[in-house]
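Thanks for asking me to look this over.

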Amino acid sequence: MLFPLFIDINEKNILVVGGGTIADRRIHTLLPFTEYITVVSPTVTDELSALAESGKIQILLRPFETDDLNDRDIVLAATNDDALNQEVCRLCRECGIPVNASSDQSLCDFQFPSIVTDGEIVVGINASGKNHSRVKETRQNIECILDFQSKYTAT
């Protein structure tokens with residue numbers, strides 16, 4: 001079981017290695033919390049391209065290079081290449097950079113939670129990487145509770 005820890009990432013320099021659907025989802029989760037997200041990937045989703053065009057993220061359309069880790073505070077390895085994710089994690093550990101690998105929970109320094117927000121309330125939900133359907137169900141239940149409370153207090 002993991003200890004939940006909430007940190008201020010507002011000014012943290014975050015690197016996401018990979019530009020597919022998992023990277024896309026994680027970036028959308030991070031956006032309300034930071035303005036400093038860089039994606040490095042030879043290809044990215046249309047959604048990520050649109051975010052870059054609007055200035056919300058930076059994209060480097062090329063393969064990952066070791067120097068991409070310079071001045072990074074947090075790294076997400078979210079490629080469909082397990083060997084690359086492992087290499088990114090190894091390099092991050094050598095540099096003392098907290099890293100999360102979407103392909104292998106055993107490589108992660110932290111796990112990426114499911115998040116529910118309601119104004120200033122932020123709820124992070126995690127099952128230690130073991131039961132994704134329960135996390136989803138719990139998130140939906142919390143969303144219903146917050147929605148109900150919001151409607152109830154509004155009248």
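Predicted model: local features only at pLDDT ≥ 70, side-chain atom pairs only at ≥ 80, totals over all residues.

1. Residues are numbered from 1 along each chain as its sequence is written, and side-chain values use heavy atoms, with hydrogens and water left out.

2. Look for Cys92 in helix H3 (residues 82-95); helices here are DSSP runs of H or I with at least four residues, strands runs of E with at least two, numbered from the N terminus. Cys92 is buried because its relative accessibility is 0% (buried is under 20%, exposed over 50%, partly exposed in between, with a 1.4 Å probe and protein chains only).

3. Which residues does Cys92 contact, leaving aside neighbours within four places in sequence? They are Leu69, Val75, Ile97 and Val99, where contact means heavy atoms within 4.5 Å. Pro32, by comparison, lies 60 residues from Cys92 in sequence and 24 Å from Cys92 in space, C-alpha to C-alpha.

4. Phe3 sits in the segment before strand E1 (14-17). With 71% relative accessibility, Phe3 counts as exposed.

5. Helices H1 (residues 21-30) and H2 (residues 46-53) pack with axes 9 Å apart, at an angle of about 40 degrees. That angle makes H1 oblique to H2 (under 35 degrees is roughly parallel, over 145 roughly antiparallel, 65 to 115 roughly perpendicular, the rest oblique). Asp24, Ile27 and His28 of H1 meet Glu47, Leu48 and Leu51 of H2 in this contact.

Note on methods
Axes fitted to C-alpha atoms, helices over the stretch in contact; angles between N-to-C directions.
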